[in-house]
Amino acid sequence: MANSRMCAKYRFEKPNDRRALDLMNTAAKAVIADLPEITLAYGVSDEYSKLVSTVVSTFTSNYVYSWSSHFPDTPLSFPLPTFDGRAVVYPTVQNLRDYLSWRQADCHINNLYNTAFWSLIQLGGMENKEAEQALAGTLAADKNEILFSKFGINYNREPEIFKKGSVIFRDYELVEPASHNTAETVDAQAEPVQQSKKQTENDKRRRSKAAIMVDHLDIIKDEFWDRRPWILSNKPGKIPKEV
């Protein structure tokens with residue numbers, strides 16, 4: 001998580017700073033490129049769900065290296081960005097999907113609140129305390145109505161990156177949802193499948209050829225996973241044919 005003092009110093013825009021989000025995605029994309037064992041990263045605000053140690057150091061170094069590309073007019077100085085990390089082991093693929101679904105749902109809830117909160121302050125002239133009181137006890141429909149009636153903001157038209165977060169993955173040919181059930185197959189494997197050295201090298205080569213995508217898709221519904229079975233199976237798919 002980025003240091004809050006650093007965010008204040010560089011005056012990140014509220015409720016969302018697209019430059020900062022794109023910088024996070026740049027760093028996360030570099031992590032996946034450097035570490036082929038990682039199959040998926042999901043980012044919300046200043047957090048990315050991923051592994052620790054080497055991943056955190058790789059993420060931080062790429063974040064610092066890429067800073068000037070996203071903030072060309074703001075030189076980086078102390079306090080420098082720092083990130084923490086933790087590893088969580090989920091017993092089943094369904095548990096993993098439930099976690100990611102919760103993260104994306106939470107992204108929407110928080111962003112709707114923050115969009116309404118900062119609109120009341122920046123456009124409505126309220127103080128922080130007043131804005132908090134105005135939103136206390138409101139439902140999603142109430143916040144949408146406040147945004148539209150007071151400020152002419154249609155929340156549904158807000159950028160998807162703000163509402164859904166970012167998902168980063170290797171891009172292979174999409175498959176039609178069929179009889180395969182990747183979740184059941186993976187959960188049924190008590191131990192990792194042993195591969196020959198040649199098979200491992202072939203998988204590594206196919207991963208290195210795959211483009212790394214940064215997108216803002218719905219990862220709660222089945223379609224995302226059904227059309228990309230390689231994410232859960234950790235087996236590379238087919239490289240898309242060049243057009």
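Which residues line the largest cavity? Let's start there, keeping in mind that this is a predicted model.

## The cavity

The lining of the largest cavity is made by Ile38, Thr39, Arg170, Tyr172, Arg207, Trp230, Asn234, Lys235 and Pro236. Sorted by class, that gives four nonpolar, two polar and three charged residues. The volume of this largest cavity comes to about 70 Å³. If you count cavities of 30 Å³ or more, the structure holds one.

How can anyone spot a hole in a model? Rolling a probe the size of a water molecule over the atoms shows where empty space is left.

Now have a look at the backbone. Most residues other than glycine have a negative phi, and most peptide bonds are trans. Here are some spots that go the other way.

Take Lys14 and Pro15: the peptide bond that joins them is cis, and its omega is about 0 degrees. You'll find Pro15 in the loop between α1 (4-9) and α2 (18-34). That loop between α1 and α2 is also the place of Arg11. Arg11 isn't a glycine, yet its phi is positive, near 55 degrees. Is Arg11 buried or exposed? Arg11 counts as exposed because its relative accessible area is 72%, and the cut-off for exposed is over 50%.

There is a cis peptide bond from Phe78 to Pro79 too, with omega near 0 degrees. To find Pro79, go to the loop between α3 (54-70) and α4.

## A nonpolar patch outside

Next, the surface. Val88, Tyr90 and Leu96 form a nonpolar patch there, and together they have about 230 Å² of accessible area.

One of these three, Leu96, belongs to helix α4, which covers residues 93-122. Why is Leu96 called partly exposed? Its relative accessible area is 31%, so it falls between the 20% limit for buried and the 50% limit for exposed.

Last stop: helix α3, where Val64 sits. Val64 is partly exposed because its relative accessible area is 38%, again between the 20% and 50% limits.

How far apart are the C-alpha atoms of Val64 and Thr82? They are separated by 9.7 Å, while along the chain the two residues are 18 residues apart.

Key
Residues are numbered from 1 along each chain as its sequence is written. This is a predicted model: local features need pLDDT of at least 70, side-chain atom pairs count only at pLDDT 80 or more; totals for chains, interfaces and linings use all residues. Side-chain values use heavy atoms; hydrogens and water are left out. Patches are made of residues with over 30% relative accessible area and no salt bridge: like charges are joined within 9 Å, nonpolar side chains (Val, Leu, Ile, Met, Phe, Trp, Tyr) within 5 Å. Accessible areas come from the Shrake-Rupley method with a 1.4 Å probe; for residues, only the protein chains shown count as cover. A salt bridge is a side-chain nitrogen of Lys or Arg within 4 Å of a carboxyl oxygen of Asp or Glu. Helices (H or I, at least four residues) and strands (E, at least two) are DSSP runs, numbered from the N terminus. Buried means under 20% relative accessible area, exposed over 50%, partly exposed in between (1.4 Å probe, protein chains only). On a 1 Å grid over the protein atoms alone, a cavity is a set of points where a 1.4 Å probe fits but cannot get out, and a pocket is an open set with protein on both sides within 12 Å along at least five of seven lines; lining residues have an atom within 4 Å of a point. Grid points are joined across faces, edges and corners, and a volume is the space filled by probe spheres set on the points. Ala, Val, Leu, Ile, Met, Phe, Trp, Tyr, Cys and Pro count as nonpolar, Asp, Glu, Lys and Arg as charged, and the others, Gly among them, as polar.
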